[in-house]
Amino acid sequence: MKKMNRRQLFLSSAKAALATAFASFGFRKGAFAQAPGSPTATEFPDSTVLPQQPPPFTGVIEPNLIDSTADWPPTIAPPAGSPNILLILIDDAGFGSNTAFGGVVPTPTLDKLAQRGLRYTQMHNTALCSPTRAALLTGRNHHVAGFGNVAEMSTGYPGYDSITTLDTAHVARTLKQNGYSTAWFGKNHNVPIWEASLAGPFDHFPIGQGYDYFYGFVGGDTSQWQPGSLFRDTTSIHPYVGNPGWNLITAMADDCIEYLNIQTSTNPKRPWFIHYAPGATHAPHHPTPEWIDKISDMHLFDEGWNALTERIFANQKRLGVVPANAKLPPWPDFLPKWETLSDDQKKLYLRQINVWAAYMAYSDHEIGRVIETVEKLGQFDNTLIIFICGDNGMSAEGSMHGTPNEVAYFNGHEFTVEQMLPQIPAWGTDLTYPHFAVPWAFAMDTPYRWVKQIASHLGGTRTGMVMTWPKRIEDAGGMRNQFHHVVDIAPTILDALGIPQPTMINGIAQRPYDGVSMVYTWDKANAEAPSTHKTQYFEIFGNRAIYHDGWMANTIPVATPWEGVNAHPPTDVMNGYKWELFNLVEDPTQTNDLAAQEPDRLRFMQELWIMEASRNQVFPLNDSQIPVLTVEKPGPAAGRSQFVYAAPMTSTQFGVAPSILNRSYTITAEIEVPQGGAEGVLVTQGGRFSGWGLYLKDNKPTFTMDLLDVERPKWQAAEALPPGKHTIVFDWKMDPQGPPAARGGTGTLSVNGRQVAQRSLPKTQPFLWAWDETFDVGLDTGTPVDDSDYHVPFAFTGKLGKITVDLGGSTLSPQAINAMMKELAQKRDR
């Protein structure tokens, strides 16, 4: 054998190593665009396993660069011609809430898209915020994705723990690993509350779920004027400070437009996926004054909710968005009719609905600006736009008369009409956190029965949807009536792109999608094709249903959403509900119950629901807000009795902050006052709509408790502090006897060991402070706990030594919670 020199030996070894690498990695050949190894080479993975192993180097490496041949690894890219994707989701909007589906609120952006694409009249959500979003973005049923309830009401069971596991990846992760840029704008209601902080972990933030960029708020809702939970990626931001008139609806459109311009100008060949989810039209209803005036001047609602319902239904029949055989259900007997109202009631309720309608119209306008940008950039024809008109039915969480403060709803407090009349001029401004009266929700869900939270009826789950993609969908203005669900969106996107559904992502085997592709509906020839989504279960708060081949069996609600924590549901959720049965082909609006005529079919459907529930982690069932609001969650606050803060800090979300509700506690501030005195916030949580704060006002120690913006008990020293070091203590001793929630007690404010103020309260606040405003030390973000005392940020002008919060035991033990549930159930039985 001829002896090789060192150079030949090097090349031989390199070639052998490359051959071994090809064999072991199993790489495809011919999957490249452009010449392999060139700087412009791209590769479509076309694989169910993501990401793929990096390709081996196939160039030539010599001792000197001049004798070597480069081989660049290819850029990952989707198939040539893949569209951009804009996935839009409106919050808390009923089927009849927009003009595209028969409503009266002008939504020209949505209308124009409907004229250029397809309207889907039988799209479905889960009946609640977080669950719908989890199902939409993962392609799995909401319990499978860990969101059988909203994030704030999570419990320690797989279907309800608010943890989307690694085997249930977002479709964004698949798109990113196939070459897409990915971004999320607006509402994110899918972060476990104990992870929603600046300290992370960020696995369940968008950047941990496959999104390159995030601009939006974390939580169920937030002020659009002063959002306390607004993030850019993982950094909390406060762009409203010093910027009067700033509104998040416009700001997120601006940010999205900037993102589009950057992406398109930097790399026009790379397609993008954008999830665009405004806080509208969830409470608080915060449109700009200009939009309120514009909508109010149209007098859309002056005839009241009963006439509005009939008008919307007539529009829907004319447009063909409801079947010709659909009947308008009777107005529920538990709701007042418009003609029975007083003039004061009508005045208040009209202001409420005009503000909400302005919010919807304003949001549609800002979405229009985003779509106009896509058109100006020349990308509209090859952009798949999916516009889902509601993540659940219309919300009835504002109480029968509406509320100027949605935080009150979750604490069981209702406002009277007389209390709200003086607030009419401010309704919709940052001085309110408003929601409209219940009957408007029923009107906006026309023609379907019930509302948000009621997963048993189509008013809770049916939404309009529009899809456009001019390059592919040619039946402009077409209508599609197949039954589909938000779990079908992820499979549709991948099918449209020719990207396989992944079986493995980052080494984790993936659960198969629960949805099916809707691409078959795009061709006009298939306009009347049978739906490929044959069976779908529903469940939220014990309200449940099962759809199967045109039939629906469902429970009858035993408690209304507007009762909230004051509801009296049964503790035996499985057996405490009656069932109905409907043939949706002949009875599209669930008006003719066939349960008595077809008991065998009903039994089959009930058994089918149990099978689906067992397969999808739906058990255990719960129908009360109390246990899920009050149960202790994991995270850095769990099990702790002392919290120490040694420096100013802001934006600590409530899920990781010390909770002073329903317990005795002591707050200690060690400070130093300079010559000339000091002022400012020492520590605070919440703000204008409920919360508490310890601060110096006019150099006087002050503790204020804001109880739902209704009353503000205050403890304040009579004398200003002299210069020097001081220890300020607010000590709350809960009464030894009383209800487990909102129990009264006595608060004592002391300075340097000397009592300076003391006051007793018969009750406090039971369940939640304002969730969108954070726990802050050394200054305040968002809004003040008392506008008459200070304006934010009201930073402390002295020297902050240390803040210590010591917590006593909670009265809301698991035993106490169970006792409360049983007591409420007994009241129902009585």
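Which residues in H6 meet which residues in H8?

Modeller: This is a predicted model, in which local features need pLDDT of at least 70 and side-chain atom pairs count only at pLDDT 80 or more, while totals for chains, interfaces and linings use all residues. Residues are numbered from 1 along each chain as its sequence is written, and side-chain values use heavy atoms, with hydrogens and water left out. The mean pLDDT (the predictor's confidence in each residue, from 0 to 100) is 95 for the protein, and 96% of its residues reach 70 or more.

Helices here are DSSP runs of H or I with at least four residues, numbered from the N terminus. From helix H6 (residues 289–296) and helix H8 (residues 343–376), the contact, meaning heavy atoms within 4.5 Å, brings Trp-291, Ile-292, Ile-295 and Ser-296 of H6 against Arg-351, Asn-354, Val-355, Ala-357, Ala-358, Ala-361, Tyr-362 and His-365 of H8. By class, eight of these residues are nonpolar, three are polar and one is charged; Ala, Val, Leu, Ile, Met, Phe, Trp, Tyr, Cys and Pro count as nonpolar, Asp, Glu, Lys and Arg as charged, and the others, Gly among them, as polar.

As to geometry, the two helices pack at an angle of about 115°, with their axes 8 Å apart. The axes are lines fitted to C-alpha atoms over the stretch in contact, and angles run from 0 to 180 degrees between N-to-C directions. H6 and H8 are therefore roughly perpendicular to each other, a term that covers angles of 65 to 115 degrees, with under 35 counted as roughly parallel, over 145 as roughly antiparallel and the rest as oblique. Their crossing is right-handed, that is, the near helix is turned clockwise from the far one by less than a right angle.
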